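This note sets out numbered points for a colleague who has the model at hand. Please read each point alongside the coordinates.

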Amino acid sequence: MNQEQLKQQLMAWRHHLHAHPESAFEEVKTSAFIAQQLEKMGIEVHRNLGKTGLVGVLKCGEGKGVIGIRADIDCIQLTEQGEHTYRSTTPERMHGCGHDGHTSIALGAAQLLAQRKNFNGTVCFVFQPAEEPGYGANAMMVDGVLTRFGIEEIYGLHNMPGMKAGTIATRVGGIMASEDNFVIRIQGQGSHAARPHMSKDPLVIAAEIILTLQTIVSRNVDPNVPAVISCTELHTDGIRNAIPGHVEIKGDTRSYSPQVQALLEERMRTICEGICAMHGAQCEFSYTHEFAPTVNHEVCVDVAVNAAKNVVGEENVDGNVQQMMISEDFGAFLQHIPGCFIFLGNGDDSDAKGATPLHNACYDFNDDILVTGAEYFAEVIRTRLPL
């Protein structure tokens, strides 16, 4: 299979997946499709890991090394607005983050490695469900995906709009942040809007809390340490002419270390409870850890950078990219085994095909980078499991 034939195959796979998206733990048909393609390649398939996840196992030679290649397979819950011939056929479901492309890239790497057999060891192609809510990696690990197959290292990627198409970037250490979610429930006392003195106005209290929370990063966190607190939702039980009795604030925080996570939680709780007490209101504060930070291991970054240079050329590889505050479920794997996560450029402003942001209703994965991604994964295996 030459490069053009490979590209046409990968495009066909991606367009099929794009037209039939399934969100977290719904990916029954998606998993069946992936399994069918792997079995056609002669790759051993193990189903129902992490509910709807699966693993393809490809062995070559007598090598003892076991390397994982991970792709996320779920979509987001959004109605597509694009006009592609392969646009989503399912309402409120679309591949608006490019997981259809990631899946096709991993399938392409499987195809290349099954044909070339230019490595000595075992590759496990990990097709993970439920990346978007951050549940899939842990669900697969609970089902033994690492221990059952003896995976020693794991590699993953994500397309990145805003980066030149086909370029590759990564870094040693933290590359993507943790995500913690919070809910602040304020129970005040409602009243007629014309008689505010009879209320304990939870909206005023909420406004004070929202503003004060922004002092945590600026006054409690070391300026050299990344951290973000974002209040993103505000809900009340009030109406136009009635001050509410209850207000709920939701949002998330981003950081890179357990110490900063603990600091943010402690300071937020203290501020919320203190401001509510000052106004005679009740406060309920909850804080949950959703995504682990994605922290790359140095040895694996060296492998990834060298493989990337072999595929796209040294001038198209950034081995020390700036950290991003976005989150990725891949980080959960890296808490247990070494690995490396890279960004694969989807297109910048000069490339209309790939510059639309992720999670945008008009987003589409750039087909021109499919072969690049597949060759990158195949090269990681060739160099990490040499003959």
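1. Of the 387 residues in the protein, 56% are buried, where buried means under 20% relative accessible area, exposed over 50% and partly exposed in between, with a 1.4 Å probe and protein chains only. The model is predicted, so local features need pLDDT of at least 70 and side-chain atom pairs count only at pLDDT 80 or more, while totals for chains, interfaces and linings use all residues. Residues are numbered from 1 along each chain as its sequence is written, and side-chain values use heavy atoms, leaving out hydrogens and water.

2. Overall dimensions. Along the principal axes, the C-alpha atoms fill a box of roughly 80 × 45 × 40 Å. Of the contacts (heavy atoms within 4.5 Å) between residues at least 6 apart in sequence, 80% join residues at least 24 apart.

3. Secondary structure. The protein has ten helices and 16 strands. Both are DSSP runs numbered from the N terminus, helices being H or I of at least four residues and strands E of at least two.

4. Strand β3. In β3 (residues 66-72), seven of seven residues are buried. V66, G68, R70 and D72 point one way, and I67, I69 and A71 point the other way. In a regular strand the side chains alternate between the two faces of the sheet.

5. Neighbours of β3. Strands pair if DSSP finds at least two bridges between them. β3 pairs in the parallel sense with β4 (residues 121-128) over seven bridges; I67 has V123 as its bridge partner, and D72 has Q128. The chain passes from β3 to β4 through helix α3 (residues 99-116) in a right-handed β-α-β crossover, that is, clockwise from the first strand over the helix to the second when the strands point away from the viewer. β3 also runs parallel to β5 (residues 153-161), joined by three bridges, with G68 opposite I154.

6. Strand β4. Eight of the eight residues of β4 are buried. Strand β2 (residues 53-60) pairs with β4 in the antiparallel sense over seven bridges, and V55 stands opposite V126.

7. Nonpolar cores. A core is a set of buried Ala, Val, Leu, Ile, Met, Phe, Trp, Tyr and Cys residues joined through side-chain atoms within 4.5 Å. The largest has 58 residues, and L38, F125, F127, Y155 and Y376 have the most contacts inside it. Leaving aside residues up to four places away in sequence, Y376 touches residues including Y155, L157, I168 and I342. Another core lies apart from it, with 27 residues, among them C124, M141, F149 and F343.

8. The open sheet. Four strands with antiparallel pairing follow the order β10-β12-β8-β13. The edge strands β10 (227-236) and β13 (282-291) each pair on one side only. The twist averages 20° from one strand to the next; axes are lines fitted to C-alpha atoms, for helices over the stretch in contact, and angles run from 0 to 180 degrees between N-to-C directions.

9. Packing on that sheet. Nine bridges join β8 (residues 178-187) to β13, and V183 has S286 as its bridge partner. Helix α6 (residues 202-219) lies across β8, β10 and β12 (246-255), at about 170° to β10. Helix α7 (residues 258-278) touches β8, β10, β12 and β13, making about 165° with the direction of β13.
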